[in-house]
Amino acid sequence: MSLDPTQSDASMRSLAMRQRPRRNRKADWARRMVRENELTVSDLIWPIFVTEGENLREPVASMPGVDRLSIDMAVREAEEAARLGIPALALFPHTDPSLRDAIGSEALNGENLVCRACRAIGAAVPEIGLVTDVALDPYTSHGHDGLIENGAILNDASVAVLARQAVVQAQAGAHVIAPSDMMDGRVGAIRDALDAAGYEDVQIMSYAAKYASAFYGPFRDAIGTNATLTGDKRTYQMDPGNAREALREVALDLEEGADMVMVKPGMPYLDIIHMVKREFGAPTFAYQVSGEYAMIQAAALNGWIDGERAMMESLTAFKRAGADGVLTYFAPRVARGLKAGG
Ligand code: PBG
């Protein structure tokens, strides 16, 4: 638009009339043709919860539509996920309370729930990627991600255990180790431990910018840590007021050998996803966490929003922000919808 003061009103008007952004929106074919970002099934990582038992699906009350699955059921879901074209699953265990202790010993048991699930799924569905969570919270009696002494989370002692946990998971067939604990230096320690054990090809997806968030509540129901967690995780997870610090966390994790980085939660932190992708260009993932899922589901089940559309819109936002993929509990529903051409 010209700022020339001699320009007549008439030519200003005609300029405005030449530019009609609505023309590209007038029909579905045109909207599809100019669309900048689109969600595909290859963008999806499906987090699932496993529990002891057989032929068992236990609904998670705060996550309508999500169940804890016994390993045999998880194998069936993995087969379905592979049929749908979902590239990878992220596994989280609901550990029996009797197996939780102060130091999270069960995390290092090569026959623990997650390790058995990895072996079973890997044998039945070798084409699907398996992402495992490195952190001690499903295994500790206090619900924290690391070791604790006099109320303080110990960094380096925790890192030593987490590195061993990563190797145990790699031995069980995990393809991607995903440390969610937020201890300093854990990515480097995990990389060294994996390499020393002969797992040079096992990838690391680090929860690089993970915030101390209220949106994890339903997940803690699912893995049973709302009951155990003492205090909060603010001395290791990031402060929600910080953005530049996320870049520092990501830089450190990439230097230490992370193959992919993650921002978590998702929707409240779209600015962080955008900054991380622009600054580093590394494979960047968003985690649409349990609370985000629960909010959409709750509103949809009340008839307050169109759940299907809110699901697609929220996930497309991650792509627009720059994410290469999203961990989402909606993964199979999205995949089915995309397959049906919806
Ligand atoms: C813990 C972990 C959490 C989630 C993934 N790994 C919760 C926490 O930090 O307490 C949250 C995922 C979700 O809310 O969906 N290591």
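Strand S9 (203–210) and helix H7 (217–223) each give at least two residues to the lining of the largest cavity. Helices (H or I, at least four residues) and strands (E, at least two) are DSSP runs, numbered from the N terminus. H7 supplies the largest share, three residues. This is a predicted model: local features need pLDDT of at least 70, side-chain atom pairs count only at pLDDT 80 or more, and totals for chains, interfaces and linings use all residues. Residues are numbered from 1 along each chain as its sequence is written, and side-chain values use heavy atoms, without hydrogens and water.

A cavity is a set of points, on a 1 Å grid over the protein atoms alone, where a 1.4 Å probe fits but cannot get out; lining residues have an atom within 4 Å of a point. The largest has a volume of about 130 Å³, the space filled by probe spheres set on the points. Of its 18 lining residues, the closest to the centre are Asp137, Lys210, Tyr216, Phe219 and Lys264.

The ligand sits in this largest cavity, with more than half of its atoms within 2 Å of the grid points. Around the ligand are 17 residues, each with a heavy atom within 4 Å. Ser180, Arg220, Lys264, Ser290 and Tyr329 are the closest.

Now the polar contacts (pairs of N or O atoms within 3.5 Å). The Lys264 side chain places an N or O atom 3.3 Å from a ligand nitrogen. A backbone N or O atom of Ser290 is 2.7 Å from a ligand oxygen. For the Tyr329 side chain, an N or O atom lies 2.6 Å from a ligand oxygen.

Note on methods:
A polar contact is a pair of N or O atoms within 3.5 Å; within protein, one must be able to donate a hydrogen and the other to accept it, and residues adjacent in sequence count only if both atoms are side-chain atoms. On a 1 Å grid over the protein atoms alone, a cavity is a set of points where a 1.4 Å probe fits but cannot get out, and a pocket is an open set with protein on both sides within 12 Å along at least five of seven lines; lining residues have an atom within 4 Å of a point.
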